[in-house]
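Hi everyone, thanks for coming. Today I'd like to walk you through one structure, starting with a sheet and then moving to the cores.

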Amino acid sequence: MKTILSVRDLHMRRDQRELLFVDQLDIYEGEILTVIGPNGAGKSTLLLALARLMAPSQGQIEFMGQPWGQISPLDYRRRIALVLQEPLLLKTTVAENIASGLRFRGANRNLIRQRTDEWLERLGIAHLRNRQAHRLSGGEAQRVSLARALAIQPDLLFLDEPFSALDAPTRSRLIMDFKTLLDETRITTLFVTHDQDEAKLFGSRVAVIISGVLKQVGLPEEIFSAPLDEEVANFVGVETILPGRVIENQQGRVICETAVGNVEAVGDLAPRQSVRICLRPEDITLTIENGRKPTSARNHLHGVIRQIIPYGPLTRILVDCGVPVMVLVTRASAEEMNLIPGLEVALAFKASAVHLIRH
């Protein structure tokens, strides 16, 4: 797999304060690397640094195998494209905005016309060709900004939360259209987003930055199902984390002792290892307490509903099992079971749904 951008020991500092540290990061040809993390974690700092709009305090960066020091900033910027949260358009027509990146790179007239026409069509804005940029809606303006970036066929595309300022219907339509375009073009992309659903939808891989440190990089299913530590687990939606200790391991069947009883998991941890037991709310099944095991799942807890929180088409249920456990059920299921605070319920979850973190 060809490496487009390689980063080692990157430090970004301001006034002697560390803004970002990246030990190691590689971006591969044709992939979409989505970058997530809390607000202020350093996601945009990473993007601006790799777009050469902020100077690193320390580190080694290579672009297509060539050290940055051997590539002039101007030559590098001619090979990348950047789309920000707020579209930055010229005070001219839509077509001229899309053509501007190609003109900057010295493309000939025929190529400019061809690419401009192509991306007007592909982003569904051909009818806006002669409209002035200041007369566009937010969604239209962002489509123009994306068309301008894609028209130059960059070696590397940087996206900094390009959909976050849009209203929900506009955002939804643009996301699906743009996902199709990225799948078709296979442009190598670094995509910063605060939205974890966007990260899962777009990401070939996902990188997690927390408190200015790149914590984990992996496939989406690895990041969301097997977080590296408690900080990552909390951020990616693991809402129940129980302290425990491994007391038995029989050929990958791990038994952990916890305050609410033994929990069975799958893993290779040795007895006496302290762990944190991670459970996602959607992996837990809730039924009305009846004294019987509700499913064939290996793990069972019993508790009392303390809080019911509407969550779009779902309902979040906080259950007191001696420790708080969060469960997600559909709104229809919650209504059918007539769930109310104070009701005794049974919880079940599979051993394979448990993720163990060494502690």
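Let's begin with an open sheet of five strands, paired antiparallel in the order β15-β19-β16-β17-β18. Strands here are DSSP E runs of at least two residues, helices are H or I runs of at least four, and both are numbered from the N terminus. Two strands pair if DSSP finds at least two bridges between them. This is a predicted model, where local features need pLDDT of at least 70 and side-chain atom pairs 80 or more, while totals for chains, interfaces and linings use all residues. Residues are numbered from 1 along each chain as its sequence is written, and side-chain values use heavy atoms, without hydrogens and water.

Now for the largest nonpolar core, which has 36 residues. Such a core is a set of buried Ala, Val, Leu, Ile, Met, Phe, Trp, Tyr and Cys residues joined through side-chain atoms within 4.5 Å, and buried means under 20% relative accessible area (1.4 Å probe, protein chains only). Among the residues with the most contacts inside this core are L123 and F163. Helix α5 (138–151) is one of the elements that each supply at least two core residues, and the largest share, seven residues, comes from α5. Apart from this core lies another, of 31 residues, including V35 and L214.

Terms used:
Buried means under 20% relative accessible area, exposed over 50%, partly exposed in between (1.4 Å probe, protein chains only).
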